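Let's take a walk through this structure together, one piece at a time.

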Amino acid sequence: MWKKIGKFLILLPAFIFAGELNFDASVNRTEVGLNEAVILTVSVIGENIGRVPSPQLPDLPDFDIGGTSSSQSTNIQLINGKLTQQQTIQFIYTLYPKKIGSLTVGSCKLEFKGATYETQPIEITVVEGKAKPPPQQPPSAPDMTPSEPSVPIKEDLKSVVSVNRKDVYVGEYLIVECAVYNRLRIGNLGVAEMPTFSGFWIEPIFDAKAWDFRRKSIQGKSYDVCLLKKAALFPMSAGRQTIGSMKIDASLIQPPRDFFDFFGRSKRVRIESDPLHINVKPLPMEGKPAEFTGGVGTFSIDASVDRTTSEAAEPINLIVKISGTGNIRLIEKPTIPTIPGVKILAPETKDDVRTVDNRVKGSKEFHYPLIPQTDGEHLIPQIEMAYFNPQEKKYHLIRTKELKFTATRTSATEVAQTSGIKVLGTDIHYIKPNIAQLKSQNISAGWWIIIFYIGSVIVIATSVLYNRHQARLLTDQAYARKLRANSLLRKRLREAEGYLKKNNEKEFYASLPKIILGYVGDQYNLDIGALTKGQLIEELHAKKIKKEIVDRIMEFLNQCDIVRFSPGMEGQELKELYKKTKDILKEL
Amino acid sequence: MNIIITLFATVQLTLTPAELYNEGNRHYEAGNYYDAIDAYEEAIKQVTNAQLFYNIGNSYFKVSKIGKAILNYRRARSLRPRDVDINHNLMFARNYRVDKIQIAQSPIANILSRIFHYLSLYEAQFLCTILFLLNAISVSLYVIKRRNLFGYIAIIGVLFCVIFFVNWQIWIHELTSHHAVIIAPEVKALSGPGEDYKEILVIHDGSEVFIREERGDYTLIQLPGGMGGWITREALEEIY
């Protein structure tokens, strides 16, 4: 909504002021001499015309258009409290009539903001010689007065286009110079037209950026000379070639006629140089070698490689450099003989041309990338080139020396080099293929892994405990005896049982106290054999064994002693005794 | 008609995951990506499988649902972190996003991230556990036998065990830190959990975010660069 209104608001002034635009054409005079200029002023007046395009001039077959200029002025006024801004843009054309008679300047057209404007056609009468002075002079046009004392300008103000030679071969360059010679008082100078060099390749040497006159003496007369352009021209085709004339507009300042004519008057003139004709000879056909690549002048050729080894089919640059004087830029690439096992790509060209003392010198380099396709040493044969020497009027053949380079591991990238894999685009990778079974995958392991950790802790704990046990066995005898007590007890019990079965009473009785005392000794780390009964009782009490158990042990021992020394015991009694032993051991 | 539909539905339900997967592949090859998505999604209800996630990601990519594609590629990657196709397509889909957030990441952080994402969580856990047990055994042997060899083995083993454990913890951190992907084409992030709050950001399909808080229908998300805002819950989906 707002956008639409905004657009409308912007367009509104254009519609209003489009109608108020004033487009008009006028000439400074309607009667003019054949060599005199007519100033055509096309003016556009209006508001907001800052971006008005240049008007379209009608076809003017009867006029030469000299210079073009434009001027712009702005006039701000306050009328009835309203500010108006009036802009005036003037396009000024200088016209030179070509023939005598009544000529018409057609209507100029202007297209601006959708509307087309046209001016009235203007009639101009052209007379021989000088016309009457114009009734009024536009402010922008220089003073125009009839030249009363005619000045011999032909000699004193000259536009000169000169060449150093007029008879050349195709490709042989000539130097052209465009200059203005002057020995008059001149106000304004302007280049109306530079000479045309059609049919030539132009190598610019100098282009003037400002009027820079230097005094020079020519045939006893001193001139102010300004060199406008200097260039080397290379004829491209045989035949008669023409260099067009250079046209210069000048306004001459006339000497004052009387005291009141203080500043003098000026007069506009146009001077033209004579067109030049160059005779371009074709290059002789006879003796023209096949190696000729268009070079005309004197040249030398040299070849080099930037590296002498190539790994993995890396390209080597073969640089063929042609240097000398002549049409260097126009020399085409010399043909490189085929090298077996090496691919030669199209060359890259670099040239460097400069002009010293009217001689076009320089060099041109052809960089051929060589891609080795087989391993080993490769030989670059001599490269030959022919050129034409215009002074000697004959062809010369020059050649480079042979070069060598070594290639290794060419096959590594050969496929890519020759078939030329190209990336055309990228896309996502394709889906995974069908499968017979789709199993669920776990993102993380289950709780079962804890078992491993517990297991690990157990393993370490066991080893530590085992280690401690081993150490104690070595250092703590009591501990060792206690540990061995049970196994020794079992061994002694088995022995006693053995005696019981064999009815070996004596041995049996002897073994029973050993069992008891041995076990007690092992268990409490006592040296039983060295103790008397009284000491034993004390020791056992000291080990905090219950009194009744000690009493039982002592009683049992006494009983055994009695039985031992009173033979004739029945088997029944033996068994009972054995059972009693076991009971005591249980108590312990 | 209804009966046929229900019958068909029950038949569908009885299909095994592999059959659903293969059916999805058939639809994908024929270019019916939406049908492929339906089949794959049905299979996902029954199994968790990297291959399945990858294929469904592809299908979503083909129908220009970049967010859904990235979501599924990331799920696939958490199961099979070294799969070339998964990584390639994830990168490819990321480049297709509207929001291109460039976070300057230091090269060291990048390398570390790549190292610690080389193994999946399962692999890291498994290796860490087995190595721990082997270490315990070699430590025990050292304690008993007092041979230096076992000591060296144990020291090296512990180093690796620590690496795998860090790997494991990084994965746990990633899985528990609420990564999510924007799946709506465009969503406006607000300054608070309600419609009336000011709009502060516009986020597009496929942006990977963290969920920082949830309140009602709104979630506070944070982009990798640090910006964030409240968005409706339907606009995003959590990866893990």
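To describe how two helices lie against each other, we use axes, which are lines fitted to C-alpha atoms over the stretch in contact, and the angle between their N-to-C directions runs from 0 to 180 degrees. Keep in mind as you look that this is a predicted model.

Start in chain B with two helices, α5 (residues 66-79) and α6 (residues 84-95). Their axes come within 9 Å and cross at roughly 155°. Angles over 145 degrees count as roughly antiparallel, and α5(B) and α6(B) are therefore roughly antiparallel to each other. The crossing in which α5(B) passes α6(B) is left-handed.

Which residues of α5(B) and α6(B) meet? From α5(B) come B:Ile66, B:Ala69, B:Ile70, B:Tyr73, B:Arg74, B:Ala76 and B:Arg77, and on the side of α6(B) they meet B:Ile86, B:Asn87, B:Asn89, B:Leu90, B:Ala93 and B:Arg94. Sorted by class, this contact between α5(B) and α6(B) holds eight nonpolar, two polar and three charged residues.

Now look at where the two chains touch. Chain B brings 36 residues to the contact, and chain A brings 28 residues. On the chain B side, at least two residues each are supplied by α2 (17-30), α4 (50-62), α5, α6 and α8 (121-145). Which helix of chain B gives the most to the side that touches chain A? That is α8(B), with 13 residues. By class, the side of chain B that touches chain A has 22 nonpolar, 13 polar and one charged residues.

Let's move over to chain A and find a sheet. Strands of a sheet pair through backbone hydrogen bonds, either parallel or antiparallel. In chain A, three strands in the order β2-β9-β6 make an open sheet with mixed pairing. At its edges are β2 (31-33) and β6 (101-105) of chain A, each pairing on one side only. From one strand to the next, the twist averages 35°. Zoom in on β2(A) and strand β9 (residues 122-127) of chain A: they run parallel and are joined by three bridges. One residue to look for is A:Gly33, whose bridge partner in β9(A) is A:Val127.

An unreviewed UniProt entry carries the annotation "transmembrane region" for residues 445-466 of chain A. In the model, this span of residues 445-466 is 82% helix and 0% strand, and its end C-alpha atoms lie 33 Å apart.

Note on methods. Residues numbered from 1 in each chain as written. Chains lettered and ligands numbered in written order. Predicted model: local features only at pLDDT ≥ 70, side-chain atom pairs only at ≥ 80, totals over all residues. Helix = DSSP H or I, 4+ residues; strand = E, 2+ residues; numbered from the N terminus. Parallel < 35°, antiparallel > 145°, perpendicular 65-115°, else oblique. Left-handed = near helix turned anticlockwise from the far one by under 90°. Contact = placed C-beta atoms within 7 Å. Nonpolar A, V, L, I, M, F, W, Y, C, P; charged D, E, K, R; others polar. Pairing = 2+ DSSP bridges. UniProt positions renumbered as here; feature names shortened; annotations may be inferred.
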